[in-house]
Amino acid sequence: MFKLLTGNEAVVQGAYEAGIAYASAYPGTPSTEILENIAQYKQEIIAEWAPNEKVALESAIGASLAGARSMAAMKMVGVNVAADPLFSFAYSGVNGGFMLISADDPGLHSSQNEQDNRYYAKFAKIAMVEPSNSQDAKDMVRAAMEISEKYDTPVLFRMTTRVCHSKSIVEMGERQAVDKKIYTKNLQKYDLVPAVSRKLHVALEDKLKKLEIFSNETDLNYIEWNDKKIGIIAAGIAYQYAQEVFGEKASYLKLGFTYPLPMDKIRAFANEVENLYVIEELEPFMEEQIKAAGIPCIGKEKIPNIDELTPDIIAKVLLNEKRPLIDYDNTIVANRPPTLCAGCPHRGFFYELAKLKNVMITGDIGCYGLGGAEPLNAKDCCICMGASISMGHGAQKVYNKFNENKRAIATIGDSTFFHTGINSLMHVVYNRSNTITCILDNRITGMTGHQENPGSGFTLQGMPTKIIDIAEVVKALGIDHIRTVNPLKLKEVKDAFTWAMELDEPSVIITRWPCILKKLSDQDKTEFGNYIGTCKVKETVCIGCKACIRTGCPALRFNKETKKVKIDEKQCVGCEVCLQVCPVKAIERVGE
Amino acid sequence: MADVKNILLVGVGGQGTILVGKILSNGLMDAGYDVKMSEVHGMAQRGGSVSNQVRYGKKVYSPIIGKGQADILVSFESMEALRWLEYLKPDGKAVVNDHRIPSAPILMGKIDYPEGVLEVIQSKVDTAVIKAAEIAEQLGNAKTMNIVLFGALVKGMALTGIDWEAVIRKNVKAGLGDINIAAFRAGLEVSEKI
């Protein structure tokens with residue numbers, strides 16, 4: 001049977017077929033759908049959201065040691081969080097087969113940087129495979145498991161946005177029965193104290209040599225002979241792009257196993273072709289190693305290392321080909337930036353936050369990052385997940401030391417707080433800071449499309465579970481000043497800021513209201529009720545001052561001709577934020 | 001790859017471009033074509049501009065469509081058609097929904113929704129302007145606007161030989177089959193007249 005699957009769906013099918021029994025992840029584009037889909041195999045696979053990527057990886061390592069085939073999945077920046085266990089796991093090796101999926105995002109569709117995680121394989125000294133379409137993605141899971149168990153190595157399974165989120169045809173297979181391996185206590189392998197690791201490092205270097213021999217022999221790395229004037233070495237999506245552009249006008253060395261590289265095979269291929277191109281998206285990962293091996297090739301002197309690679313870029317830089325385009329003036333097209341949804345509980349919070357003077361607002365990763373955009377403009381910076389609280393702490397310390405009358409206000413989400421914000425808040429308390437931390441608890445992981453988290457009451461596979469209460473956690477960390485507010489009530493938010501700004505000690509403001517797109521749980525319905533009704537502008541009263549427009553709600557529209565505001569009743573959910581900011585009470589609630 | 005056809009679906013997050021891409025690509029696969037489809041998730045969901053790219057033929061390599069490469073551009077929103085027009089072949093076809101969704105700067109009154117969008121497109125390429133929102137509302141479900149446009153797409157690409165009604169039924173929620181098939185037929189019919 002054949003099915004049209006995304007790369008992420010295909011990996012899941014591969015994991016199912018390869019007998020994987022444990023999978024964990026923290027959501028992040030473009031990796032999120034992997035765990036969402038694997039969760040369907042409730043009988044066969046334990047699938048869990050972890051609070052962060054390090055925890056996900058470590059749990060999967062534990063599952064491997066216990067004898068099961070296991071995996072962890074994350075976006076590329078998540079691997080930075082999980083790097084600590086990864087590097088040492090390379091030393092100990094596996095019991096049950098193990099792979100770490102890194103889903104990279106060239107072109108930054110939904111990320112804060114454009115890092116190329118292939119370097120992690122070389123840096124951590126582990127094997128790597130790179131699928132170039134969905135069929136590869138499915139097949140390479142089984143290959144990864146076999147390599148992992150045979151060579152006692154974790155495997156980096158490196159994907160990119162266009163592999164993860166593109167659909168192509170996959171031949172489906174059956175689940176392979178894989179017995180759980182027997183675990184034998186072995187401190188010389190699993191207990192990484194210096195005396196053990198010294199020996200394991202020697203063994204690791206030996207493993208890499210054996211893996212290079214494998215790399216030269218495996219069918220994952222194969223040659224397609226065509227015209228020999230041009231030879232192309234490519235892996236992942238770049239291989240598809242190269243085929244798109246050159247077709248049968250070039251020969252290919254298609255690499256599926258990309259660390260260690262098959263240098264003998266590469267040399268043999270290079271000797272047969274007149275011109276050797278190494279076509280890579282992002283960094284010259286392969287090219288550097290090929291050149292270091294003394295094999296001349298053309299790569300990044302022509303192909304850019306910035307942004308997504310496309311067939312058009314390859315055609316332009318290597319063949320000087322350009323397609324004719326429609327000539328037109330597109331300057332009249334207006335921008336369409338992403339916005340907070342109508343009824344988003346973050347809106348009221350950021351509207352009040354933006355009014356505060358002498359503050360540095362540190363941001364974090366999530367929908368609430370949009371609070372920094374027009375017209376709310378309530379953000380100074382954003383670096384990575386969990387950083388808002390710790391960066392705020394550092395800034396506050398400096399303001400205090402230099403007697404600068406300024407306060408740091410950190411804004412972080414519920415899932416993000418559980419991710420790494422908790423540690424940062426511990427730092428704030430321990431080191432006697434006086435920052436203001438705002439935890440925007442919308443009862444779900446929002447931006448990535450509604451994944452459960454430790455505060456939401458359900459596991460990934462739908463089991464009801466304990467709700468970890470953020471206010472109790474914050475209290476237990478030693479915060480003495482905590483307020484929970486309804487972010488739709490502007491006065492509550494404003495009063496909380498006034499209260500916090502007057503304190504000389506650290507405080508936490510928790511805004512608690514569900515994401516407007518969330519499918520409410522029974523507990524949510526009891527706590528928050530259901531939205532009923534919408535808001536409406538009384539046109540005779542509206543003075544066209546645009547105060548409501550400055551909340552940035554996409555349901556509101558200012559009509560330039562009538563100089564009045566109109567509310568789109570299809571979008572409005574009656575959150576009443578606009579109603580509260582109107583100076584002439586021109587907005588009323590309709591329906592109950 | 002001369003035999004490969006390229007369909008570019010564009011719109012605004014939440015308009016149902018992904019469903020159309022799914023129906024289209026599944027139907028093409030069942031008809032024996034090699035198919036690839038690419039979409040972008042994440043940040044773009046929040047009211048941003050979205051695209052869904054479908055390529056089919058005997059053998060397809062790249063899942064993405066380059067500038068000047070699309071055989072047809074189906075835009076679920078008027079202004080988006082102009083944003084993506086450079087991806088269309090100069091002799092390609094445009095199917096444009098006569099439906100405006102103002103973006104944030106327009107809602108705030110900072111700029112106006114551009115006038116003359118449809119005229120610019122019509123002056124450049126073979127264009128079918130469809131009032132899909134109106135048609136869908138008349139049928140009783142405004143959300144089936146995407147399937148009305150799908151009907152026009154099938155007509156525009158001469159893909160009427162495939163049993164799309166069966167594919168639609170398989171890919172929409174139970175109970176919504178009939179209304180979506182009515183929308184599909186309306187889309188076919190309206191493009192007949194253009």
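1. The model is predicted. Read every value below as computed from that model.

2. The sheet in chain A. Four strands make an open sheet, ordered β9-β11-β10-β13 (chain A). The pairing is mixed. β9 (221–224) and β13 (275–279) of chain A are the edge strands, and each pairs on one side only. From one strand to the next, the twist averages 15 degrees.

3. The β10–β11 pair. Strands β10 (residues 230–235) and β11 (residues 251–255) of chain A run parallel. Five bridges join them. A:Ala235 has A:Leu255 in β11(A) as its bridge partner.

4. The helix on the sheet. Helix α12 (residues 263–272) of chain A packs on this sheet. The helix touches β9, β10, β11 and β13 of chain A. Its direction makes about 155 degrees with that of β10(A).

5. Contact between the chains. On the chain B side, 48 residues are in contact with 46 residues of chain A. Elements of chain B that give two or more residues to this side include α1 (17–30), β5 (88–97) and α4 (117–124). β2(B) gives the most, with six residues. By class, the chain B side divides into 26 nonpolar, 14 polar and eight charged residues.

Notes: Residues are numbered from 1 along each chain as its sequence is written. Chains are lettered from A and ligands numbered from 1 in the order in which they are written. This is a predicted model: local features need pLDDT of at least 70, side-chain atom pairs count only at pLDDT 80 or more; totals for chains, interfaces and linings use all residues. Two strands pair if DSSP finds at least two bridges between them. Axes are lines fitted to C-alpha atoms, for helices over the stretch in contact, and angles run from 0 to 180 degrees between N-to-C directions. Two residues are in contact if their C-beta atoms, placed from the backbone, lie within 7 Å. Ala, Val, Leu, Ile, Met, Phe, Trp, Tyr, Cys and Pro count as nonpolar, Asp, Glu, Lys and Arg as charged, and the others, Gly among them, as polar.
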